[in-house]
There are 2 protein chains.
Amino acid sequence: MIKITFLPDKKNIKVDKGTTILEAMERAGISIDTPCGGKGICGKCKILVVKAIDTVTPIERKFLSEEEIRKGFRLACQTKIFKESIIEIPLEIRLDFNKLFTSKLKGDIHYIKKSFSLKSDLRKVFLDLEKPSLDDQRSDWERIKDRLSLMKIENISNLKVSMEILKKIPNLIRRADFRVTVTLYDNEVMDIENGDTTKSGYGIAFDIGTTTVVGYLVDLRTGEELSAVAKTNPQIIHGDDVISRIEFVQKQKDGLEKLQREIVNTLNEIIRETAQKAGINKNNIYETIIVGNTCMHHLFLGLNPSNIAPAPYIPVIKESFCLKVKDIPELELNLTANIYVLPNISAFIGADIVAGVLSTSMWREEKIVLFVDLGTNGEVVLSSKKRLWACSTAAGPAFEGARISSGMRAIEGAIEKVKMTNKSVNWQTINDIKPKGICGSGLVDLVCEMVKLGLISKSGKIINRKSCPPKISEEIKKRIIKSKEGNKFLLVKGDKAEGGKPIYLTQRDIRELQLAKAAIYAGIKILLKVVGISPDNIQEILLAGAFGNFIDKESARRIGLIPHLPLRRIKFIGNAAGTGAEMSLLSKKMREVTQEISKKVKYIELSSRPDFQEEFIKAMSF
Amino acid sequence: MIKITFLPDKKNIKVDKGTTILEAMERAGISIDTPCGGKGICGKCKILVVKAIDTVTPIERKFLSEEEIRKGFRLACQTKIFKESIIEIPLEIRLDFNKLFTSKLKGDIHYIKKSFSLKSDLRKVFLDLEKPSLDDQRSDWERIKDRLSLMKIENISNLKVSMEILKKIPNLIRRADFRVTVTLYDNEVMDIENGDTTKSGYGIAFDIGTTTVVGYLVDLRTGEELSAVAKTNPQIIHGDDVISRIEFVQKQKDGLEKLQREIVNTLNEIIRETAQKAGINKNNIYETIIVGNTCMHHLFLGLNPSNIAPAPYIPVIKESFCLKVKDIPELELNLTANIYVLPNISAFIGADIVAGVLSTSMWREEKIVLFVDLGTNGEVVLSSKKRLWACSTAAGPAFEGARISSGMRAIEGAIEKVKMTNKSVNWQTINDIKPKGICGSGLVDLVCEMVKLGLISKSGKIINRKSCPPKISEEIKKRIIKSKEGNKFLLVKGDKAEGGKPIYLTQRDIRELQLAKAAIYAGIKILLKVVGISPDNIQEILLAGAFGNFIDKESARRIGLIPHLPLRRIKFIGNAAGTGAEMSLLSKKMREVTQEISKKVKYIELSSRPDFQEEFIKAMSF
């Protein structure tokens with residue numbers, strides 16, 4: 001076994017000879033973005049060797065410059081450990097960006113839960129029980145039940161109690177001197193506690209994304225959100241999209257159990273941290289809501305998602321249902337707590353979208369509304385006269401900065417905005433530090449500006465210096481550089497960038513963006529066609545998802561990601577899935593609505609429509 | 001570690017130095033009767049050392065004759081292992097007497113299940129499902145549900161399915177080429193299987209006794225009992241009554257978990273053996289009924305029985321309820337199978353009695369019926385005009401041959417009948433082999449005969465030779481032998497007994513029997529008093545339990561164990577608890593009746609009645 005130390009965490013771990021750095025990081029609990037799943041294809045897992053390890057593989061030479069190799073940069077997935085080493089993990093590849101996903105207030109509109117006057121059905125009742133005697137030999141359970149029925153609590157005629165609760169009753173009620181608090185949900189006893197704890201009843205809503213898992217802790221009495229924590233989905237080490245996760249399940253022994261355990265561990269961390277932040281006891285969490293895409297839904301439940309990936313794309317279950325914490329191995333909540341899994345719509349439209357739709361007015365108003373969740377999968381929902389249609393398109397990870405040469409997620413140091421004139425290029429980074437790369441919104445801005453200036457053609461080509469429109473200055477022209485794979489555009493010079501490496505927009509980056517925006521726009525067009533309305537009829541476009549919060553509406557419209565409508569009709573709704581999940585946590589009625597929504601949505605399978613390819617090709621141009 | 005071999009099983013086990021033979025036997029899975037719980041008080045755990053071990057402890061000298069010690073007999077609980085040894089376990093102390101407890105036909109009356117035309121609610125349906133396509137993207141679960149709803153099966157509008165079933169659906173239905181059998185109970189999916197298995201649906205009823213655990217495997221379609229297996233409750237090694245089990249829970253770390261595991265292991269063996277005998281797959285067992293005394297009920301469920309033992313005798317739960325196999329750790333049945341735990345009446349009147357009452361007409365006819373279950377606890381139930389009263393009395397283990405100098409259980413070689421004249425003593429053993437000891441029915445017979453001949457006084461004393469009535473022959477008189485603890489009576493001479501040791505009836509044996517019969521009779525008297533009827537009014541006395549099957553009605557009546565009524569009113573009903581459990585297995589209605597019975601029974605706490613002691617003392621004399 002060889003010791004390896006990770007900086008800046010100073011985490012040590014011992015591994016077998018020949019273990020890759022990526023595997024060692026996984027074991028040490030350090031997550032980074034690995035879009036290719038550790039296959040040496042994307043070159044994103046660049047780490048810095050501080051001490052030892054000095055071999056370089058041919059694959060690494062492909063992705064690293066001579067200078068980088070000299071400085072000690074290596075690819076974590078290619079470098080094997082044969083001696084004691086110290087490795088530094090650069091911050092920009094770390095997936096640790098809590099704030100981004102827990103803030104829901106960035107949206108233009110936020111349908112506040114309280115507007116529905118949501119009220120949980122959880123009831124906590126304090127009982128001062130009579131003590132047993134030879135004249136009163138009722139069983140412990142009868143004693144509790146009889147008292148509850150005296151209190152005229154509704155709906156407890158057929159009271160249910162689990163083995164877990166029954167087991168703790170005899171010692172607990174005697175230790176409590178027969179003064180206990182009973183927690184009820186419907187006709188079920190959720191908990192019995194020593195003394196009066198009637199004020200402590202909480203719920204937690206989880207949004208399990210392919211990349212990020214977020215938990216929102218809510219006080220079930222007041223409806224208030226007490227704390228929220230986001231974590232990277234640790235499965236990301238197996239690849240950044242759902243397909244790579246499904247492959248993992250199919251190829252690895254116990255792959256499904258492993259992926260389930262990884263998600264559950266993350267939920268456990270979120271439970272601990274949200275409870276700690278809010279200063280509550282996690283045993284008082286009685287209700288849980290789960291949303292996520294259909295694959296994450298299956299993986300959380302331990303259901304095999306293998307039939308989601310190939311046509312005809314069949315999930316195991318779509319409808320909502322309720323299970324118990326004990327049905328999920330190792331989930332660290334009160335064993336009797338309920339877990340409500342919200343419904344999915346299809347293999348590629350999950351409960352996260354259902355929850356997102358719930359948080360809007362689409363399902364209850366007559367308006368024509370277009371809901372777009374921008375991510376690796378672009379999910380599009382269209383409403384008209386309370387009817388709903390949806391489709392899902394594989395946009396690829398370009399919006400999240402993946403497969404983009406200098407791409408990165410929307411974290412500190414990412415270029416998030418770009419403005420250009422014929423003479424200058426101006427950019428802005430998150431937290432105003434030296435740029436490390438470009439994130440989705442920056443990419444959209446940059447391409448939009450270059451299209452406007454005529455530097456990118458309608459078909460998406462970066463034009464040659466010579467063919468630039470006459471008004472373009474030399475300063476700008478100089479940034480267009482020829483390369484084997486077409487022209488590239490120098491956005492930030494090496495001396496101004498963090499790490500000293502220039503930031504380019506390559507021809508391939510533009511192609512990636514074109515594929516992404518065309519997929520989404522073609523999906524929108526097909527939905528409009530199915531419903532028989534034109535883009536002009538859309539009264540509201542709602543942009544959801546983390547990326548949706550940062551994008552410039554005008555740029556998005558200009559590059560043809562969304563239909564060309566007046567800007568005031570385009571709205572950000574932030575983390576709509578989280579909002580909808582919280583609403584469902586607080587209200588049975590809202591949970592029923594999600595089931596209604598999922599049934600009402602007519603799912604349009606794009607792969608079976610011959611006209612989709614046509615629309616897709618049309619949508620490629622700018 | 002030292003190797004120890006047990007004969008005749010030829011089982012080997014390795015143990016630490018200093019382990020007692022009893023502990024080693026327990027680990028090897030060999031159960032014997034240890035009434036004192038291995039404390040060196042009863043001398044019953046007599047085993048034969050074939051090789052090695054030769055020390056003798058003072059306690060052993062108390063219980064073993066010089067000759068026995070020379071031959072190699074030792075007490076298993078006192079003898080520690082320090083070198084490799086071979087030990088023979090005599091058959092008569094083995095608890096392995098399957099037939100005794102599984103035969104229910106010995107009773108005079110046997111309320112046949114079919115008289116109620118019992119029909120299980122289990123439904124198995126074969127489905128030939130449509131295969132998924134791009135035009136039919138229903139989830140696997142929807143596909144199954146939709147087909148079921150087309151088949152007009154009642155009561156499945158709100159169909160429930162467990163995670164266990166959901167997890168296996170995707171692979172199973174594809175392996176089965178979409179031809180599957182769904183098992184339903186109420187609105188719940190119990191199983192999904194490959195192909196057509198509609199003919200295989202079984203249930204198992206367990207009667208968990210302090211000493212013996214019996215399982216009855218039943219075909220739920222036909223109501224037929226397919227096989228039955230009895231096993232010794234392995235907890236017997238911790239003592240032979242419920243109090244010693246409760247002490248074990250209180251004193252041992254993880255005592256409750258240990259006792260639960262011991263019962264569950266026994267149920268698992270019974271499940272395997274009944275399934276094997278019947279030639280069925282145990283995964284097709286979907287329903288389970290549990291009856292037993294209240295302490296066994298708690299131990300099976302993992303509920304702490306500690307408050308059952310001290311006044312005011314409080315169980316955790318009395319009412320019936322349904323749980324899932326997964327609520328019982330390590331129970332080897334289909335995880336989704338239902339377990340119905342029948343209701344208890346009080347800390348000392350368990351579900352076995354409720355099931356016993358169910359198997360009679362007591363709860364549905366106007367008759368005055370007295371139900372007596374003879375065991376370590378004597379449970380008495382009295383019915384009059386469909387009202388029911390019950391009490392429980394601590395009879396002690398005399399009827400089961402324990403605490404009787406030559407006592408043994410009603411297994412091969414036990415003297416089960418005794419007839420005497422003034423000149424001769426005749427006895428009969430089970431299976432007509434050389435006598436090994438005397439069982440409960442033989443003891444009752446012997447005492448009865450001696451009382452009739454005037455050899456035992458009204459107060460229970462064996463009289464001196466000189467005081468014998470004149471008609472008693474010398475042959476009989478010679479059998480009365482003086483000893484320090486009063487006279488004893490030689491029933492079988494050493495040369496005629498197995499093992500060469502004479503079989504005596506001691507003064508102390510008679511006292512044990514007096515205590516047992518007086519406890520039961522006093523209980524009966526109190527019930528009659530509470531109800532306000534005289535013994536003559538009783539229209540039927542029903543004797544239940546294994547011991548009840550062997551006793552001579554006339555002797556029982558003569559010694560004052562039961563009221564003096566015409567013999568035709570006294571009936572054996574065999575293993576009534578097993579019959580009632582099977583009835584409940586087959587019918588929801590019958591399960592409801594057990595709940596009604598348990599509520600209807602007025603429990604009379606004898607310990608709070610000052611007149612009980614009075615009746616008890618009166619009932620001591622013959």
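**Conventions.** I worked on a predicted model in which local features need pLDDT of at least 70 and side-chain atom pairs count only at pLDDT 80 or more, while totals for chains, interfaces and linings use all residues. Residues are numbered from 1 along each chain as its sequence is written, chains are lettered from A and ligands numbered from 1 in the order in which they are written, and side-chain values use heavy atoms, with hydrogens and water left out.

**Six-strand sheet, chain A.** I looked up the sheet with the order E25-E24-E15-E16-E17-E26 in chain A, and found it open, with mixed pairing. For the terms, helices (H or I, at least four residues) and strands (E, at least two) are DSSP runs numbered from the N terminus, and two strands pair if DSSP finds at least two bridges between them. Strand E25 (570-574) and strand E26 (601-603) of chain A are the edge strands, each pairing on one side only. On average, neighbouring strands of this sheet are turned by 25° against each other, direction ignored; axes here are lines fitted to C-alpha atoms, for helices over the stretch in contact, and angles run from 0 to 180 degrees between N-to-C directions.

Within this sheet I followed strand E15 (residues 369-373) of chain A, which pairs with strand E24 (residues 540-544) of chain A in the parallel sense over five bridges; Phe371(A) stands opposite Leu542(A) in E24(A). Helix H13 (residues 507-531) of chain A packs on the sheet and touches E15, strand E16 (377-384) and strand E17 (387-394) of chain A, contact meaning heavy atoms within 4.5 Å. The direction of H13(A) makes about 155° with that of E17(A). Helix H16 (residues 588-600) of chain A lies across E17 and E26 of chain A and runs at about 40° to E26(A).

**Three-strand sheet, chain B.** I then turned to an open sheet of three strands in chain B, ordered E19-E18-E20 and mixed in its pairing. Its edge strands, each pairing on one side only, are strand E19 (425-429) and strand E20 (437-438) of chain B. Strand E18 (residues 414-420) of chain B pairs with E20(B) in the parallel sense over two bridges, and the bridge partner of Ala414(B) in E20(B) is Gly437(B). Helix H11 (residues 440-452) of chain B lies across E18 and E20 of chain B, at about 15° to E18(B).

**Rings.** My search of the whole structure gave four aromatic pairs over all chains, where rings of Phe, Tyr and Trp (its six-membered ring) pair if their centres lie within 6.5 Å, and planes under 30 degrees apart count as stacked, over 60 as edge-to-face and the rest as tilted. The ring centres of Tyr313(A) and Phe348(A) are 6.1 Å apart and the planes stand at 75°, so I recorded this pair as edge-to-face. Because Tyr313(A) lies in the loop between helix H9 (294-301) and strand E13 (321-324) of chain A, and Phe348(A) in the loop between strand E14 (338-341) and helix H10 (351-358) of chain A, the pair ties together parts that are 35 residues apart in sequence. Both Tyr313(A) and Phe348(A) are buried (buried means under 20% relative accessible area, exposed over 50%, partly exposed in between, with a 1.4 Å probe and protein chains only).

I also checked for charges over rings (NZ of Lys or CZ of Arg within 6 Å of the ring centre and within 35 degrees of the ring normal). Lys488(A) lies over the face of Tyr504(A) at 4.0 Å from the ring centre, and Lys553(A) over the face of Phe572(A) at 5.3 Å from the ring centre.

**Backbone.** The peptide bond joining Ala311(A) and Pro312(A) is cis, with omega about 5°, and Pro312(A) is found in the loop between H9 and E13 of chain A. In chain B, the bond from Ala311(B) to Pro312(B) is cis with omega near 0°. Asp432(B), which is not a glycine, has a positive phi near 50°; its place is in the loop between E19 and E20 of chain B, and at 65% relative accessibility Asp432(B) counts as exposed.
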